Amino acid sequence: MTARFKKGLIDLGYETIQSDHPVVPLFVRDTERTTKLVKFLLDHDILATGLNFPIVPKGDQLVRFQVSADHTLGDIDRVVGVLDEFKKTG
C-alpha cells in the first residue's frame, strides 16, 4: 500500500522520499499551502498531519501520511484522487 501511495504522489508530480517506511511525507515547502492542503484533506474526511516551521525548517514544510495494512486499494486511490483534485483547484 505504501508503494502504491508513493507512486500515486509521484505520478501527480508531488515530492516525497524513497523509503519503505509507512509514514509518507508529501513536501509542500510552503506554510500557507501546507495548512490549506491539510484543511482540504480534512474536508474530504482524510486525516493527515501538516508540519510547518518551527517543527520543520522553513522550506521543508510537509504533510505526513500514515499508511497501514488496513488501508485498501480503494482507500489509497481515493486519497490520491483527492490530492489530484487539490492540485487542480488549490
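D84 is partly exposed in this predicted model, because its relative accessibility is 23%, and a residue counts as buried only under 20%. K88 has a relative accessibility of 66% and therefore counts as exposed. The two side chains form a salt bridge, with N and O 3.2 Å apart. D84 and K88 both belong to helix 3, and because they are four residues apart there, about one helical turn separates them. Salt bridges with shared partners also link E15, R29 and D60 into one network.

Side chains of opposite charge can pair when their charged atoms come close. How many salt bridges does the model contain? The count is six. One of them joins K7 to D11, with an N to O distance of 2.6 Å between the side chains. K7 and D11 lie in helix 1, which covers residues 2-11, and their spacing of four residues means that about one helical turn lies between them. Both of these residues are exposed.

D43 and K39 make a salt bridge in which the closest N and O atoms are 2.9 Å apart. Helix 2 runs over residues 31-43, and D43 and K39 sit four residues apart in it, so they too are separated by about one helical turn.

Back in helix 3, which spans residues 73-89, is K87. Its relative accessibility of 35% makes K87 partly exposed, since that class lies between the buried limit of 20% and the exposed limit of 50%. Which residues does K87 touch, once those up to four places away in sequence are set aside? They are L12, G13 and Y14. For G13, the separation along the chain is 74 residues, while the C-alpha atoms of K87 and G13 are 9.3 Å apart.

Is N52 buried or exposed? N52 is buried, because its relative accessibility is 16%, under the 20% limit. Apart from neighbours within four places in sequence, N52 has contacts with D30, T31, T34, T35 and Q61. With T35 there is also a polar contact between the side chains, at 3.4 Å.

Notes: Residues numbered from 1 in each chain as written. Predicted model: local features only at pLDDT ≥ 70, side-chain atom pairs only at ≥ 80, totals over all residues. Heavy atoms only, no water. Buried < 20%, exposed > 50% of the residue type's maximum accessible area, 1.4 Å probe, protein only. Polar contact = N/O pair within 3.5 Å; in protein donor to acceptor, adjacent residues only side chain to side chain. Contact = heavy atoms within 4.5 Å. Helix = DSSP H or I, 4+ residues; strand = E, 2+ residues; numbered from the N terminus. Salt bridge = Lys/Arg side-chain N within 4 Å of Asp/Glu carboxyl O.
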